Amino acid sequence: MDTPPLPRDSNEDQASAEAHPENMSSSADTSSRRDPAADWICVAAARTVLVVDDNDRHLDILSTILSSVGHDVETCGSGAEALRRLDMRHYDVVVLDLVMPEVSGLDLCRRLKADARTSGIPIIFLTAHDDVDLKVHSLDLGATDYVTK
């Protein structure tokens, strides 16, 4: 069974909204809007997800949530370990903390996007840092989304 594609980007959503305004809710109603990071969690087909965070509690929580909706989840506690795992196995999505020992999330993202074998893997940053410049920088490096814990 083929895995469905990850969610469309917001440009496609905007084009759809302009072409079919009757399908859009009012701008005041934001309760039905979804962000790209949330969309892939709820897809019908399971994905293989690598969660990278140096906080064991965060790894446990994310693993429980993602496993409960059918994803195959592996966790690791450092960017260096993530690089070793990604060298041995393909993952459909990488969920990544920003600040970690040895190899930072930004450095890991940069390396993954520079490698032809891993450049197509969507990367979602899940971090406590809500700095706009960090968010912009991570997206510039090729991250799919940036979610604040």
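# Close-up views of a predicted model

**View 1. Strand β4 is mostly covered.** Of the 5 residues in β4, 5 are buried. The model shown here is predicted. In a regular strand, side chains alternate between the two faces of the sheet. Both faces of β4 are covered. Ile 123, Phe 125 and Thr 127 lie on one side, and Ile 124 and Leu 126 on the other. Each of these residues is buried.

**View 2. β3 and β4 run parallel.** The two strands are joined by 3 bridges. Val 94 has Ile 123 of β4 as its bridge partner. Between the strands, the chain passes through α5. This β-α-β crossover from β3 to β4 is right-handed.

**View 3. β4 also pairs with β5.** Strand β5 covers residues 145-148. Its pairing with β4 is parallel and spans 4 bridges. Opposite Phe 125 stands Tyr 146 of β5. β4, α6 and β5 together form a β-α-β unit, and this unit is right-handed.

**View 4. Thr 127 sits in strand β4**. Is Thr 127 buried or exposed? Thr 127 counts as buried because its relative accessibility is 0%. Its side chain reaches the backbone nitrogen of His 129 at 3.3 Å. Beyond four places in sequence, Thr 127 is in contact with Asp 97, Leu 98, Tyr 146, Val 147, Thr 148 and Lys 149.

View 5. Gly 142 follows α6. The phi of Gly 142 is positive, near 120°.

**View 6. The largest nonpolar core has 22 residues**. Which residues have the most contacts inside this core? They are Leu 50, Val 52, Val 94, Leu 96 and Phe 125. Five elements are listed as giving two or more residues to the core: β1 (48-52), α4 (79-88), β3 (93-96), α5 (105-114) and β4 (123-127). The largest share comes from α5, with 4 residues.

**View 7. Leu 50 and the residues it touches.** Leu 50 is one of the residues with the most contacts inside the largest nonpolar core. Residues up to four places away in sequence are not counted here.

**View 8. Glu 102 has a positive phi.** Most residues other than glycine have a negative phi. Glu 102 is not a glycine, yet its phi is near 70°. The residue is found in the loop between β3 and α5. Is Glu 102 buried or exposed? Glu 102 has a relative accessible area of 66%, so it is exposed.

**View 9. Confidence along the chain.** The mean pLDDT of the chain is 80. A pLDDT of 70 or more is reached by 70% of the residues. Over residues 7-33, pLDDT stays under 50. For this stretch, the model has 8 contacts beyond four places in sequence.

Conventions. Residues numbered from 1 in each chain as written. Heavy atoms only, no water. pLDDT = per-residue confidence, 0-100. Contact = heavy atoms within 4.5 Å. Core = buried A, V, L, I, M, F, W, Y, C linked by side-chain atoms within 4.5 Å. Buried < 20%, exposed > 50% of the residue type's maximum accessible area, 1.4 Å probe, protein only. Pairing = 2+ DSSP bridges. Right-handed = clockwise from strand over helix to strand, strands pointing away. Polar contact = N/O pair within 3.5 Å; in protein donor to acceptor, adjacent residues only side chain to side chain.
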